[in-house]
Amino acid sequence: MGQVDWAGEWDHGVRTHDQEERRMRADAQRNAEKLRTAAAELFRERGLQAPLKEIARRAGVSHGTLYNLFGTREALIDEVVADLAAARLDEAAEQALAREDAWEGFAYYIETLCELQATDPAIGDVVAGRYPGAERLMTVCARSYASTARIIERAQQAGALRPDFTREDLLFIFGTNALLARAAKDTAPDAWRRSVAFMLDGLRTEAAHPLPTGPLTSQQMYQVMGNLTGTP
């Protein structure tokens, strides 16, 4: 009776198991990349509320695969949007603060962010602070809000921007601009430019008149923005 090569059998089993694990990891990586690509496309087209089932369908994978790989919408947003949003928002702030004229920097910042909102719904949702459960994205938002405060303060210290204007006022403007831009994108895609120009003229110090009510608090602003954008 011949001897069984247990060592050989064991080695073959281990190698087969390792090969299967490597194959599964490679499949998961390919599926994850497909999902990132599909999510980036749909977020740009429809905003961060794009249906997850549609993302999975465009990626050619099952809905369950999406959840297995990313778990939540917020995790997928952090994976796909956070770095892109950081690059665009940071650049806008840096360019604004680099302007020698503080008012020009302030106007550039508003116009740039409004244009981003009009052309990229995902960035519009980021500026509006949607999906607070996306932790990496909220870090980007916090840095952007701090830059916004510096840009406003600089223009006010230069005497160009009315002194009663707050960061919350600007964030509210961004939120309403995003809604206008989305509603008019097919009919009048540049309509937001007119409303922004009116708004900028009204924010100059020489155009200021007493306001009928005080500014929103930060908490009020977040609540109102949530109502406007349907934040879950």
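Me: What does Leu69 count as at 32% relative accessibility?

Reply: In this predicted model, a residue is called buried under 20% relative accessible area and exposed over 50%, with partly exposed in between. Leu69 has a relative accessibility of 32%, so Leu69 counts as partly exposed. Leu69 belongs to helix H3, which covers residues 63-70.

Me: Which residues is Leu69 in contact with, leaving aside its neighbours within four places in sequence?

Reply: A contact is judged by the distance between heavy atoms, with a limit of 4.5 Å. For Leu69, with neighbours within four places in sequence set aside, the partners are Ala28, Asn31, Ala32 and Leu35. Ala28 lies 41 residues from Leu69 along the chain, yet 7.5 Å separates their C-alpha atoms. Across the protein, among contacts with a separation of 6 or more, 71% involve residues 24 or more positions apart.

Me: How many cavities of 30 Å³ or more does the structure hold?

Reply: Rolling a probe the size of a water molecule over the atoms shows where empty space is left. Here there is one cavity of 30 Å³ or more, and the volume of the largest cavity is about 40 Å³. The elements giving two or more residues to the lining of this largest cavity are helices H6 (102-119), H7 (121-127), H8 (135-157) and H9 (167-184). H8 provides the largest share, three residues.

Me: Which residues line the largest cavity, and how do they divide into nonpolar, polar and charged?

Reply: The lining consists of Leu89, Tyr109, Leu113, Val126, Val127, Ser144, Tyr145, Thr148, Leu171 and Phe174. Eight of the lining residues are nonpolar, two are polar and none is charged.

Me: How many helices and strands does the protein have?

Reply: The protein has 11 helices and zero strands. Of its 232 residues, 39% are buried. The accessible surface of the protein is about 12,900 Å², and carbon and sulfur atoms hold 53% of that area.

Key:
Residues are numbered from 1 along each chain as its sequence is written. This is a predicted model: local features need pLDDT of at least 70, side-chain atom pairs count only at pLDDT 80 or more; totals for chains, interfaces and linings use all residues. Side-chain values use heavy atoms; hydrogens and water are left out. On a 1 Å grid over the protein atoms alone, a cavity is a set of points where a 1.4 Å probe fits but cannot get out, and a pocket is an open set with protein on both sides within 12 Å along at least five of seven lines; lining residues have an atom within 4 Å of a point. Grid points are joined across faces, edges and corners, and a volume is the space filled by probe spheres set on the points. Helices (H or I, at least four residues) and strands (E, at least two) are DSSP runs, numbered from the N terminus. Ala, Val, Leu, Ile, Met, Phe, Trp, Tyr, Cys and Pro count as nonpolar, Asp, Glu, Lys and Arg as charged, and the others, Gly among them, as polar. Buried means under 20% relative accessible area, exposed over 50%, partly exposed in between (1.4 Å probe, protein chains only). Accessible areas come from the Shrake-Rupley method with a 1.4 Å probe; for residues, only the protein chains shown count as cover.
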